[in-house]
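Hi there,

Here is the structure I promised to pass on to you. Have a look at it first, and then read my notes below.

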2 protein chains.
Amino acid sequence: MSETVENAAPGRGGAPRAEKVRVEKVLPISGFPELLPAERFVELHFLDTIREVFELHGFAPLETRAVEPTSRLLGKGGDADKEIYGVSRLAGRSEERGGSDAELGLHFDLTVPFARYVLENAGKLAFPFRRYQIQKVWRGERPQEGRFREFTQADIDVVDVGELAPHVEAEMPLVIAEAFGRLPVGEFRIQVNNRRIPEGFYLGIGLTDVAGTLRIVDKLDKIGPEKVAAQLVAAGATDEQARLALALAEVRSTDLSFVDAVRALGVTHPTLDQGLEALAAVIAVGMERAPGVLVADLRIARGLDYYTGTVYETQLVGSEEWGSVCSGGRYDSLASDGRTTYPGVGISIGLTRLVHLLVSKRGLTASRSTPAAVLVAVVDDEGRSRSDAVASALRARGVPCEVAPTAAKFGKQIRYADRRGIPFVWFPGAGDDGGDQVKDIRSGDQADADAATWECPAADLRPSILTP
Amino acid sequence: MSETVENAAPGRGGAPRAEKVRVEKVLPISGFPELLPAERFVELHFLDTIREVFELHGFAPLETRAVEPTSRLLGKGGDADKEIYGVSRLAGRSEERGGSDAELGLHFDLTVPFARYVLENAGKLAFPFRRYQIQKVWRGERPQEGRFREFTQADIDVVDVGELAPHVEAEMPLVIAEAFGRLPVGEFRIQVNNRRIPEGFYLGIGLTDVAGTLRIVDKLDKIGPEKVAAQLVAAGATDEQARLALALAEVRSTDLSFVDAVRALGVTHPTLDQGLEALAAVIAVGMERAPGVLVADLRIARGLDYYTGTVYETQLVGSEEWGSVCSGGRYDSLASDGRTTYPGVGISIGLTRLVHLLVSKRGLTASRSTPAAVLVAVVDDEGRSRSDAVASALRARGVPCEVAPTAAKFGKQIRYADRRGIPFVWFPGAGDDGGDQVKDIRSGDQADADAATWECPAADLRPSILTP
């Protein structure tokens with residue numbers, strides 16, 4: 001099955017190009033989600049709210065290009081390489097090979113590009129530098145529920161030169177707590193750990209392969225405590241070491257009691273002390289400024305190999321199986337040019353996953369599929385100009401509206417509005433005195449109105465987000 | 001020269017990945033522009049204003065994925081193919097070949113993806129469908145001043161089933177006129193033509209190769225009238241035909257006088273009549289709703305091969321050499337599935353080019369490099385919590401602020417604000433009664449203030465756009 005599509009790209013702003021081409025049936029591409037307009041309003045509400053909170057906290061807006069040299073994206077082995085999308089001109093590959101152009105790939109997160117941006121523009125930035133960045137990223141992973149190949153991340157990071165003040169490690173999750181608190185995500189928990197805690201603890205009980213131990217303990221949710229213990233023993237731990245490592249992973253609290261719980265395990269090590277102190281400082285600030293939201297959770301191991309201090313994960317209460325919808329942590333060396341080291345801390349909202357899951361699993365939607373709050377009816381073709389003038393007057397006062405596409409019967413024009421969820425239909429000249437009238441098509445109420453003074457109810461001005 | 005960069009991608013929200021890699025010196029990639037924060041504020045101001053105007057006019061928000069099957073992007077020959085960036089997984093190429101995945105490329109405009117989206121979702125959309133779409137696009141063209149390989153377009157389109165009402169052809173440029181009227185772009189002209197005018201005119205004087213004639217006349221600005229005439233004659237036109245074709249191209253007016261000017265050339269053809277009538281209708285609406293902005297300009301030939309009715313180009317007065325910053329037109333068949341045809345009309349702002357040129361050529365910038373209107377000073381380390389409370393109170397009332405990173409001397413904290421353009425510094429406990437004070441660091445004025453009631457001057461709440 002195929003169809004003819006007018007590939008009528010006008011080259012708006014560029015060279016014209018177009019051909020009639022026969023193409024295969026139009027099908028979605030797995031992992032590249034698209035939304036209908038009402039769903040896009042939900043996403044925009046999230047984007048706008050997150051941006052507003054980020055800006056209230058003084059994070060500067062930034063965007064980086066979508067591509068980086070693949071040499072900058074590629075890790076050494078591991079799964080990452082397979083996940084990178086390479087980019088090259090279809091017809092210019094041979095021509096550009098051997099040229100000065102580096103091989104390019106689409107960025108798979110916003111941290112690698114940000115680190116590069118900091119190095120490239122260090123002389124023009126004021127440190128500590130606080131930035132937010134909300135952009136698409138691409139990963140060639142196998143698509144699954146809530147996991148996409150193209151998705152939007154919303155990141156904040158603070159980066160400094162040489163040293164980074166520890167209080168920003170408490171600040172990051174509080175910014176997220178404020179954003180989530182304004183969004184229809186329900187209850188949520190931000191789990192916090194500090195990599196020095198397991199590191200110091202493992203060293204304190206004589207497990208020197210910290211990374212290896214972490215990798216095994218990280219499987220706790222998947223394979224359960226018995227298998228984790230068995231794998232730890234298989235890797236050389238004693239039964240007692242395995243028991244203690246598991247006991248540490250089970251410690252969690254929304255207050256500072258986690259410190260005593262760890263102490264009760266009887267392990268001491270200077271790195272453990274540092275970690276407990278740092279985590280207690282973060283939780284203490286959280287208790288004061290966002291009670292109940294931050295949880296010290298010594299099980300979370302996200303990227304503990306890579307982060308060097310505090311780490312964060314975020315779960316929506318009742319939807320823990322969705323995994324973390326917002327994660328991050330601290331690096332002692334976000335970037336370095338060999339002379340200067342830039343420590344940083346950041347956190348990233350997995351926006352596409354979050355919105356997709358809320359829309360598909362919790363039925364979040366918008367009250368209408370258009371921004372228009374008013375449809376201005378057209379009485380007859382000669383009356384279009386009067387309807388246009390009404391629309392201009394409404395827009396000048398901030399009321400989104402559109403003019404009916406045809407001078408159809410009013411019943412049809414009302415159905416046009418109804419189908420899109422537009423709450424009001426405006427009838428020019430419908431009043432007894434020749435003035436206008438406006439009808440709330442939900443209630444059927446119709447009343448005299450003047451476009452220069454009519455107040456659109458605030459709740460109807462923008463599409464609202466509906467939570468069933 | 002090389003440096004060590006911590007490619008510390010945490011796989012926030014995904015698999016962790018990171019390696020220390022040695023990479024080449026950090027360099028910009030030609031054609032992939034990036035902005036500093038103050039410049040990004042300029043771009044955001046444009047993006048927000050354009051989106052607001054699009055929504056006021058009832059265009060629904062839409063985004064499409066960045067990739068399309070290359071079969072959908074590729075024209076038949078021509079330059080377009082060379083400009084497409086192909087996308088494929090670096091390490092998964094062999095594995096995916098022969099699989100069900102189509103070859104993918106980055107979209108080079110927003111019209112081709114929109115046409116595909118309409119076909120894919122026709123059953124879920126209400127027609128006529130009005131949408132706006134603001135996204136990055138990619139073209140592998142040779143980068144030059146104001147021409148990029150990655151750039152943002154801001155499009156509106158109206159698409160209908162079977163037939164599209166002609167009045168939307170007048171509506172498109174008026175929406176743009178309203179957006180540009182709110183932006184610091186200075187004076188601008190939207191040039192409008194209708195492809196039926198040259199088509200009917202050429203046929204009326206016996207030039208049957210309409211497309212070939214258009215292509216030659218389109219070079220008028222570059223090579224001048226004599227060479228155009230010579231090329232027309234070389235292509236088979238008589239001297240008189242060449243003279244008339246050039247005379248048509250010279251007609252322009254901001255009122256309806258272009259109709260008489262064309263009539264005075266003594267050419268008649270039914271298609272010419274249709275074109276003149278359609279263009280007169282657009283210009284007449286423009287004269288009423290945006291006097292002086294729309295210009296009937298019978299020279300513009302943009303995509304006349306591809307558009308089937310009205311076409312638009314936009315120039316900034318005094319910067320005509322920048323070329324068109326906003327273009328579009330009407331297609332009788334934006335998309336078709338073989339049974340149903342979807343005519344459409346649209347227009348596209350070349351946002352990256354526009355902002356880049358305004359920033360680099362006209363010196364547009366923002367008043368500061370951070371959203372923060374206030375820096376809350378920190379008196380000493382014990383006082384951070386009080387400063388945090390002030391910041392929370394300010395943010396709750398919509399005032400963007402940040403807390404000083406360290407309890408440095410006040411002079412240093414003031415310099416921190418000054419360097420970023422933050423206008424106010426807040427001093428907790430600086431008042432005689434132990435209350436707070438706020439200093440306008442531009443004037444030096446310092447006064448008692450209470451975070452629960454202080455009014456940030458409206459002009460300072462957001463960074464403002466400065467036009468030198």
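B:R195 counts as buried, because its relative accessibility is 14% (buried means under 20% relative accessible area, exposed over 50%, and partly exposed in between, with a 1.4 Å probe and protein chains only). Its side chain meets that of B:E199 in a salt bridge, 3.0 Å from N to O; a salt bridge here is a side-chain nitrogen of Lys or Arg within 4 Å of a carboxyl oxygen of Asp or Glu. B:E199 has a relative accessible area of 22%, so this residue is partly exposed.

Before you go on, please note that this is a predicted model, where local features need pLDDT of at least 70 and side-chain atom pairs count only at pLDDT 80 or more, while totals for chains, interfaces and linings use all residues. Residues are numbered from 1 along each chain as its sequence is written, chains are lettered from A and ligands numbered from 1 in the order in which they are written, and side-chain values use heavy atoms, with hydrogens and water left out.

Over all chains, the count comes to 60 salt bridges. One of them joins A:R51 and B:D48 at 2.7 Å, N to O. This pair crosses between chains, from helix α1 (residues 37–56) of chain A to helix α1 of chain B (helices are DSSP runs of H or I with at least four residues, strands are runs of E with at least two, and both are numbered from the N terminus). With a relative accessible area of 31%, B:D48 is partly exposed. In chain A, A:R65 and A:E68 form a salt bridge at 2.9 Å, N to O, and both residues are buried. There is also a network of salt bridges that links A:E34, B:R65, B:E68, B:R116 and B:E120.

How do α1 and α13 of chain B pack? Helix α1 (residues 37–56) and helix α13 (residues 351–362) have their axes 10 Å apart, at an angle of about 135 degrees. That makes the two oblique, since angles under 35 degrees count as roughly parallel, over 145 as roughly antiparallel, 65 to 115 as roughly perpendicular and the rest as oblique. Axes are lines fitted to C-alpha atoms, for helices over the stretch in contact, and angles run from 0 to 180 degrees between N-to-C directions.

Finally, look at the prolines. The peptide bond from A:F127 to A:P128 is cis, with omega near -5 degrees, and A:P128 lies in the loop between α5 (111–121) and β7 (129–138) of chain A.

Best wishes
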